[in-house]
Amino acid sequence: MTIYTVQPGDTVDAIAAENGVTAASIIYNNQLVYPYGLTVGQALLLTLPDFSYNRQIRSGGYAYPFINPWVLEQSLPYLSDLYVFSYGFTVEGELIPPWSDDSNMIAAAKAAGTAPILTLTPFDASGQFNNVLINSLINNPAAVDNLINNLSAQIVSSGFEGVDIDFEFILPQDRIPFANFVRQVREAVNALGYPVSVAVAPKTSDDQRGLLYEAKDYRLLGEAANYVLLMTYEWGYTYGPPMAVAPLNQVRRMVEYAVTRIPAEKIHLGIPNYGYDWALPFERGVSMARTLGNVEAVQLAVGYNVPIQFDELAASPFFRYETGGITHEVWFEDVRSLEAKFALVNEFGLRGIGIWQIMQLFRSGYLLLADRFTIQK
């Protein structure tokens, strides 16, 4: 497969004729919407012989149990692991299941040869990460034992094939207790024959300050877990200024640091499957960006007939449009930005990728992934 960037005057039919492919394949690959309008700068994935890295990797995707069944069906062929988001817990170590029943998505994953993974999160009643809950649990051996027993029972009863630990905003003083907790979970789940992963915030140094980073000790967590997910995204985020969600220059810095603390063969690179739409001017503490899907972002640019630009440093597409007298700036992911991230996976010999999240289908991203790598099942 190859990537084509739309030029002035291009149409789907003209691009198809010029490149010796069918218009139908362009429409399908890129989820184009009738009447199949394009905009200058839009990246299209064409079905042409190109190159691959000839490497086998694992690919995972996070999803809530209320995912559209069709979107899940379309996604599973490209996933080694399906991270079911998410299970919580009480201070006593009792497991709290997701709000929606997850049995159908577990069954669908198994039918597709994809491993369903139980994702464990410390959410409070409002759905926010609760570091007091984390602190209370991981410093209470009886509660930890109870949670591990409950996790093991849930794995067996539901058919899960692993656990992913996604704890954020951990108190700095819990750096070592948290790593010990991950190790204990890993030992118990490994005894059942399954792996344990842990998600880590985007650090670039040992002494990086901030509640997101200080308790995430890359070396300790790399030793405690079977593998680690690098959360490379949210540089551009809901309450921050307009910028790329996962700028390549920053992602590279994170990977360069990570491989000095964690073996590359234990690292999964986080891949965002979304973008943000900011109303301008941005005002910190007041502005709030709207989340949107990658396909939705392109349709927005086409609808307002504005060109899509590409930031070479961030390796990320963006555009501006105006509605109701207000200018908006949109940053999102396309096959060019994914190509750059996949190149990092290959360059550093990483174990694979983890997609946050797969609730909206981005078919061209999956097709590019499957073209560049062999996906382990």
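The model is predicted, so local features need pLDDT of at least 70 and side-chain atom pairs count only at pLDDT 80 or more, while totals for chains, interfaces and linings use all residues. Residues are numbered from 1 along each chain as its sequence is written, and side-chain values use heavy atoms, with hydrogens and water left out.

**Exercise 1. Trace the salt-bridge network that contains Arg252.**

Step 1. A salt bridge is a side-chain nitrogen of Lys or Arg within 4 Å of a carboxyl oxygen of Asp or Glu. The structure holds 16 of them.

Step 2. Arg252 and Glu256 pair at 3.7 Å, N to O. Both sit in helix H9 (residues 248-258), four residues apart, about one turn of the helix. Helices (H or I, at least four residues) and strands (E, at least two) are DSSP runs, numbered from the N terminus.

Step 3. Step out of the helix. Arg252 also bridges to Glu347 at 2.7 Å, N to O. Arg252 is in H9 and Glu347 in helix H11 (residues 335-348), so this pair ties together parts 95 residues apart in sequence.

Step 4. Check exposure. Buried means under 20% relative accessible area, exposed over 50%, and partly exposed in between (1.4 Å probe, protein chains only). Glu256 is partly exposed at 37%. Arg252 is partly exposed at 28%. Glu347 is partly exposed at 47%.

**Exercise 2. Decide whether each partner in the Arg290 to Asp277 bridge is buried or partly exposed.**

Step 1. Find the contact. The closest N and O atoms of Arg290 and Asp277 are 3.4 Å apart.

Step 2. Arg290 belongs to strand E12 (residues 290-292) and Asp277 to strand E11 (residues 275-279), so the bridge ties together parts 13 residues apart in sequence.

Step 3. Read the accessibilities. Arg290 has 39% and is partly exposed. Asp277 has 4% and is buried.

**Exercise 3. Describe how H11 packs on helix H12.**

Step 1. Take the geometry. The axes of H11 and H12 (residues 363-372) come within 10 Å and cross at roughly 35 degrees. Axes are lines fitted to C-alpha atoms, for helices over the stretch in contact, with angles from 0 to 180 degrees between N-to-C directions.

Step 2. Assign the hand. The crossing is right-handed: the near helix is turned clockwise from the far one by less than a right angle.

Step 3. List the contacts (heavy atoms within 4.5 Å). From H11 come Val335, Leu338, Glu339 and Phe342; from H12 come Ser364, Gly365, Leu368, Leu369 and Arg372.

Step 4. Sort them. Five are nonpolar, two polar and two charged. Ala, Val, Leu, Ile, Met, Phe, Trp, Tyr, Cys and Pro count as nonpolar, Asp, Glu, Lys and Arg as charged, and the others, Gly among them, as polar.

**Exercise 4. Locate Ser80 and name its contacts.**

Step 1. Check burial. Ser80 is buried, at 1% relative accessibility.

Step 2. Leave aside neighbours within four places in sequence. Ser80 then contacts Ile57, Arg58, Ser59, Thr114, Ala115, Ile375 and Gln376.
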